[in-house]
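Hi there,

Here is the structure I promised to pass on to you. Have a look at it first, and then read my notes below.

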Amino acid sequence: MAVYTKVSLKEAKALLRQLDLGDTTALRGIEGGIENTNYFATTESGEYVLTLFERLSFEQLPYYLQLMKHLAQRGIPVPNPMGNKAGNILHTVKKKPASVVSKLRGKSELAPEVAHCAAVGDMLARMHLAGRDFDMQQPNLRGLAWWNETTPVVLPHLEPAQAQLLQSELAYQNHIAESSAYAALPQGAIHADLFRDNVMFETVDGQPKLSGFFDFYFAGTDTWLFDLAVCLNDWCIDLATGANDAARCDAFLAAYSAVRPLTAAERQLLPAMLRAGALRFWISRLWDFHLPREAAMLKAHDPSHFERVLRERVAHPITP
Ligand SMILES: Nc1ncnc2c1ncn2[C@@H]1O[C@H](COP(=O)(O)OP(=O)(O)OP(=O)(O)O)[C@@H](O)[C@H]1O
Ligand SMILES: N[C@@H](CCO)C(=O)O
């Protein structure tokens with residue numbers, strides 16, 4: 001259960017009252033998640049999520065919280081950070097950085113169908129456009145520089161064929177990043193980790209309705225195409241084999257492009273970015289698996305999944 005730091009009802013009441021959210025009537029620890037301490041809080045004005053950040057610092061958090069606030073203000077369904085009278089959205093509880101955000105309705109859809117993929121594609125494009133006038137910058141901390149730094153750390157743990165694939169793919173991505181087509185890719189604030197478990201859906205009139213994107217703590221400034229690729233690699237593949245699912249992929253891309261048509265450079269580089277998206281999570285999973293740090297040990301994801309996805313993306317490039 002992800003409650004590393006216990007918060008009493010009294011402590012929660014004090015904070016939520018300061019945020020003008022009314023009296024807190026219930027506080028319940030949330031079991032999912034491994035990074036942070038999370039509670040659902042019910043107050044007279046609604047339901048909220050209280051998070052105590054166990055790893056991210058006071059310096060790192062403003063980018064993520066301000067991005068969520070910015071997107072929420074522009075109608076993108078994301079948790080909205082609640083501010084105090086002075087407008088501060090980063091709080092302190094038990095000496096740890098803390099936030100109180102609106103609770104999203106619904107639940108994650110872990111076996112998405114075409115309709116779910118279309119809904120995520122549509123909202124992803126809207127989110128990218130809504131982020132255009134967000135004025136804070138932070139590099140994608142799990143981008144190319146991190147892949148170059150981390151590859152030598154994980155290489156000693158790999159079989160020769162895996163090491164060869166990892167090194168050749170990294171060389172390919174460094175080469176792509178130098179190209180003029182890459183330089184032409186539109187950039188902005190991206191989520192960078194929008195997997196099935198970071199999106200909520202509710203059912204309205206028997207139909208799935210997207211009710212929110214959350215967990216923005218890998219967000220950063222990067223190409224919109226990379227964000228799209230990360231999504232396609234999770235929402236639109238067969239998890240057992242890593243193979244592309246053409247129907248879901250087409251639906252995702254069509255819905256995204258209907259809101260923001262892809263540029264020529266984006267269409268050209270989609271196959272390369274699908275490989276980049278697989279490489280990013282292969283490396284991070286290898287890193288978590290072979291070099292575990294405290295909390296990450298609790299549920300290291302299977303690295304071989306993204307090795308399979310990468311091999312599929314190399315063997316069967318898709319053309320948008
Ligand atoms: N704003 C929100 N609205 C509704 N539910 C939320 C919200 N934020 C978090 N949750 C619920 O809490 C669970 C844990 O949150 P989250 O996944 O962000 O955990 P974490 O420990 O902060 O990060 P990680 O997923 O990286 O371990 C989610 O799976 C979701 O069910
Ligand atoms: N979505 C990531 C975990 C959090 O970054 C993964 O599946 O490896």
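Both domain 1 (9–102) and domain 2 (114–315) contribute to the shell around ligand 1, with at least three residues coming from each. Please keep in mind that this is a predicted model.

How many residues surround ligand 1? There are 17, and the closest are Ile34, Glu35, Asn36, Leu104 and Asp215. By type, the shell around ligand 1 is made up of 9 nonpolar, 5 polar and 3 charged residues.

Some of these neighbours come with distances you can look for on screen. A polar backbone atom of glutamate 35 is 2.9 Å from an oxygen atom of ligand 1. For asparagine 36, an N or O atom of the side chain is 2.9 Å from an oxygen atom of the ligand. Leucine 104 uses its backbone instead: an N or O atom there lies 2.8 Å from a nitrogen atom of ligand 1. Taken alone, ligand 1 would expose 610 Å², and the protein buries 81% of that. Strand E2 (37–43) and strand E5 (96–102) are the elements that give two or more residues to this shell.

Now turn to helix H7 (residues 224–235). Its 12 residues should span 16 Å at 1.5 Å a residue, and this agrees with its end C-alpha atoms, which are 16 Å apart. Is H7 largely enclosed or largely exposed? Buried here means under 20% relative accessible area. Since 12 of the 12 residues of H7 are buried, the helix is largely enclosed by the rest of the structure. Among the buried residues are Trp224, Phe226, Asp227 and Trp235.

Enjoy exploring!

Best wishes

Technical notes: Residues numbered from 1 in each chain as written. Chains lettered and ligands numbered in written order. Predicted model: local features only at pLDDT ≥ 70, side-chain atom pairs only at ≥ 80, totals over all residues. Heavy atoms only, no water. Near = heavy atom within 4 Å. Polar contact = N/O pair within 3.5 Å; in protein donor to acceptor, adjacent residues only side chain to side chain. Areas by Shrake-Rupley, 256 points an atom, 1.4 Å probe, with all protein chains shown as cover. Helix = DSSP H or I, 4+ residues; strand = E, 2+ residues; numbered from the N terminus. Nonpolar A, V, L, I, M, F, W, Y, C, P; charged D, E, K, R; others polar. Domains from an automatic or database assignment. Expected span 1.5 Å × (residues − 1). Buried < 20%, exposed > 50% of the residue type's maximum accessible area, 1.4 Å probe, protein only.
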